[in-house]
Amino acid sequence: MTSALNPKLGGVLDMKPYNNRAWFMVLPVFLIVAFSAVLPLMTVVNYSVQDTFGNNEFFWNGIGWFKELLDPNSELGGRFIDAMGRNFIFSFLILAIEIPLGIAVALSMPRQGIGVSISLVLLALPLLIPWNVVGTIWQVFGRSDIGLMGWALTEIGVDYNYVSGVIAAWITIIMMDVWHWTSLVVLLCYAGLRAIPDAYYQAARIDGASRWAIFRAIQLPKMNRVLIIAVLLRFMDSFMIYTEPFVVTGGGPGNATTFISIDLVKIALGQFDLGKAAALSLVYNLIILTVCWVFYTIMTHFENAERRAQT
Amino acid sequence: MKSSRIVLFTYTLFLMLPIYWLVNMSLKTNVEITGPLTLYPQQPTLQNYVKIFTDSSWYMGYVNAVLYVLINTFISVVLALPAAYAFSRYRFVGDKHLFFWLLSNRMAPAAVFALPFFNLYQAVGLFDTVWAVALAHCLFNVPLAVWILEGFISGVPREIDETASIDGYSFPHFFGRIFIPLIANGIGVAAFFCFMFSWVELLLARTLTATNAKPISAIMTRTVSAAGMDWGLLAAAGVLTIIPGAVVIWFVRNYIAKGFALGRV
């Protein structure tokens, strides 16, 4: 299946030998990831069905936490559903801005010369900055007393304060994410665009195709594959975002930018409310897993179809 | 062509301005920062950087971060190499499910694992050591390395393996002497991405350390003192965390997309 994901090797797929001894090579990875993923998740499952009043005394609570979590009228459920709503709105806005913007910038990248290397390095720079430094950069940048953006906006008369204004807080966080991650979409699209042979463009020129026609008929189809990956990665990472908004707004004003991760850490490590946190973790993880599986299936189908088209 | 230059220029400017502002602030004194806004340092000073390099509670943060990042990168790449080879070359029981399971761990939210990791590493006595963070980051870096390396390995024709085995090379000899040099680029890219994702992560690193192994990113969150916020110092610490990435990025610039796409481009 793995080389099924690689269209270049489509032809040799059938010759891939079946050999269970390959498990020995996978075993170390399996063990370390199981130690890091399965073991902790078992603790989480264990906590999720219990309640505690502290002192390490636990009581069986069955599916009580899950019932509460999924009931919008309870305190915990209300919080969870609000936070999830904010997460979905955030991810949706992020994708709606970053994908088109990323495509636009990728199309405007130079095709050869030193400019390529310089643009690649400059564009990739925000991706390599520690996430809390990204938060710090925007926290400073948006302040009206010491930050360039906040100061400039205040000077031209915009009432902008991300600490007290809900809209301003959202705009700051979305701008920050666009700043931080759009380059990922650009890099992926650019890699897709580079795979287009020059002959395609020459043919289009002879046909007198418009810029838009070239985009629709040649460039977009070639970017399909990378765009799926871009949407997957951006959705996943924006859905589990924690550090950046935590540094900038701390989830405020009020709860306006409290995403699931922020709430979860608050419940788990702030209040040590283990049962609630564990139930929330499981539901949260399940959502991620489902979305991940959907994308994975689409990705695999897509690449198999492409492989069939090539042979 | 002219309009595309404008798009690229505007976007790059948008990316660089906040970074410039951070660098700008790191070279100012706190008096100048909190005074009237200046677009460049009027009295440039290096005192913020001097403070970081002379105070061990600051520079040890960098040492800790570099230590766990290097340990993690090493573990991830060494373990991922044979696994990626197996995924690329063989079919075996549960291969597809295992591959998906690995991906799902790359996507799992760190917030879910913060509390159980805290318990786990306290129970095994590794809490507040660089090992705890290095091992915890394996959760997403090992799968990442497997996916990236699998992409690169699948680009090497299988005939090479077969020829080597016909020529009488033993498997370890073939793997170490012939195969590893062939995918040297892939190993470099995988190492770079493990380095990077371990470097940028804060939540787990902060949760698993208390005093001895605290990384710089966690120390940075505490620049508030009685005299108020030390903005210059915060900015200088931030600038220093950007530098490692900015230096190595040049070497992997042509493979960045492939790495981010988990080897799938």
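The exercises that follow concern a predicted model.

**Exercise 1. The largest nonpolar core**

Task: Determine which residues of the largest nonpolar core touch the most other members, and explain why this core lies between two domains of chain B.

Solution: Begin with the membership, which amounts to 169 residues. Within this set, A:Leu187, A:Leu188, B:Ala80 and B:Val146 touch the most other members. Next, consider the elements: helix H7 of chain B, residues 130-153, gives the most to the core, namely 18 residues. Finally, domain 1 (1-45) and domain 2 (55-226 + 236-260) of chain B both give residues to this core, and it therefore lies between them.

As a further step, examine B:Val146. Leaving aside residues up to four places away in sequence, B:Val146 touches A:Val29, B:Ala80, B:Ala83, B:Ala84, B:Phe87 and B:Leu102.

**Exercise 2. The contact between the chains**

Task: State how many residues each chain gives to the contact, and describe the side of chain B that touches chain A.

Solution: Chain A gives 81 residues and chain B gives 89. On the side of chain B, helix H1 (residues 2-26) of chain B supplies the largest share, 13 residues.

**Exercise 3. Helix H11 of chain A**

Task: Explain why helix H11 (residues 260-270) of chain A is largely enclosed by the rest of the structure.

Solution: First, identify the buried residues of H11(A): A:Ile260, A:Ser261, A:Ile262, A:Asp263, A:Leu264, A:Val265, A:Ile267 and A:Ala268. Because eight of its eleven residues are buried, helix H11 of chain A is largely enclosed by the rest of the structure. Lastly, look beyond the helix: A:Phe272 follows H11(A) and has a positive phi, near 50°.

Notes: Residues are numbered from 1 along each chain as its sequence is written. Chains are lettered from A and ligands numbered from 1 in the order in which they are written. This is a predicted model: local features need pLDDT of at least 70, side-chain atom pairs count only at pLDDT 80 or more; totals for chains, interfaces and linings use all residues. A nonpolar core is a set of buried Ala, Val, Leu, Ile, Met, Phe, Trp, Tyr and Cys residues joined through C-beta atoms within 7 Å. A residue is buried if 20 or more other C-beta atoms lie within 10 Å of its own, exposed if 12 or fewer, and partly exposed in between; C-beta atoms are placed from the backbone. Helices (H or I, at least four residues) and strands (E, at least two) are DSSP runs, numbered from the N terminus. Domain bounds come from an automatic or database domain assignment. Two residues are in contact if their C-beta atoms, placed from the backbone, lie within 7 Å. Ala, Val, Leu, Ile, Met, Phe, Trp, Tyr, Cys and Pro count as nonpolar, Asp, Glu, Lys and Arg as charged, and the others, Gly among them, as polar.
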